[in-house]
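Thanks for coming. I have one model to go through today, and I will keep it short.

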Amino acid sequence: MLKQHRLRGLIAFALLTLVAAGMLFRDQLEPGALNEWLNSLGVLAPLVFVFLYVMFVLLMLPGSLLTLAGGFLFGPWLGFILNLVAATIGACLAFLLARYLA
């Protein structure tokens with residue numbers, strides 16, 4: 001019982017931290033700024049994009065903008081693969097959060 005409460009508290013803290021970070025960095029989520037920022041990351045850009053997409057799914061934010069941005073930033077094929085992987089991971093994590101915490 002205590003373990004479950006500790007897990008819920010940890011997840012609530014993580015979600016609040018993500019919301020606060022999103023509010024602080026919301027200017028960087030514009031398409032032009034996102035493009036410059038991801039280009040500066042080099043090889044890590046696809047991983048950061050997938051992480052952002054997963055966070056959008058978990059926070060129930062509209063993913064259509066990031067889907068279009070993925071195709072624009074990485075090209076149609078790599079963008080499709082990254083969008084598919086990120087949406088799948090996000091959906092699985094959302095299911096697990098709902099399954100064990102709700």
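First, the ground rules. This is a predicted model, in which local features need pLDDT of at least 70 and side-chain atom pairs count only at pLDDT 80 or more, while totals for chains, interfaces and linings use all residues. Residues are numbered from 1 along each chain as its sequence is written, and side-chain values use heavy atoms, with hydrogens and water left out.

The chain has five helices and zero strands; helices here are DSSP runs of H or I of at least four residues, strands are E runs of at least two, and both are numbered from the N terminus. Of the 102 residues, 21% are buried, meaning under 20% relative accessible area with a 1.4 Å probe and protein chains only, while exposed means over 50% and partly exposed lies in between. Among contacts with a separation of 6 or more, 59% link residues 24 or more positions apart; a contact is heavy atoms within 4.5 Å.

Now helix 4. Its buried residues are Leu 66, Ala 69, Gly 70, Leu 73 and Phe 74. Down the helix axis they fall within an arc of 110°, so they line one face of helix 4; the arc is taken over directions from the axis to the C-beta atoms. The face turned away from that buried side carries two exposed residues, Leu 68 and Phe 72. After helix 4 comes Gly 75, with a positive phi near 90°.

What does helix 4 pack on? The axes of helix 3 and helix 4 come within 11 Å and cross at roughly 170°. Axes are lines fitted to C-alpha atoms, for helices over the stretch in contact, with angles from 0 to 180 degrees between N-to-C directions. That makes the two helices roughly antiparallel, a label for angles over 145 degrees. On the helix 3 side, the contact residues include Phe 49, Leu 52 and Tyr 53, and on the helix 4 side they include Leu 66, Thr 67 and Gly 70.

The largest nonpolar core has 17 residues, and Phe 49, Leu 66 and Phe 74 are among those touching the most other members. Such a core is a set of buried Ala, Val, Leu, Ile, Met, Phe, Trp, Tyr and Cys residues joined through side-chain atoms within 4.5 Å. Helix 3 gives the largest share of this core, nine residues.

Last, helix 5. Its buried residues are Gly 79, Leu 82, Asn 83, Ala 86 and Gly 90, and their cover includes helix 3 and helix 4. Phe 74 touches two of these, Gly 79 and Leu 82, among its contacts.

Conventions
Parallel < 35°, antiparallel > 145°, perpendicular 65-115°, else oblique. Lists of a residue's contacts leave out its neighbours within four places in sequence.
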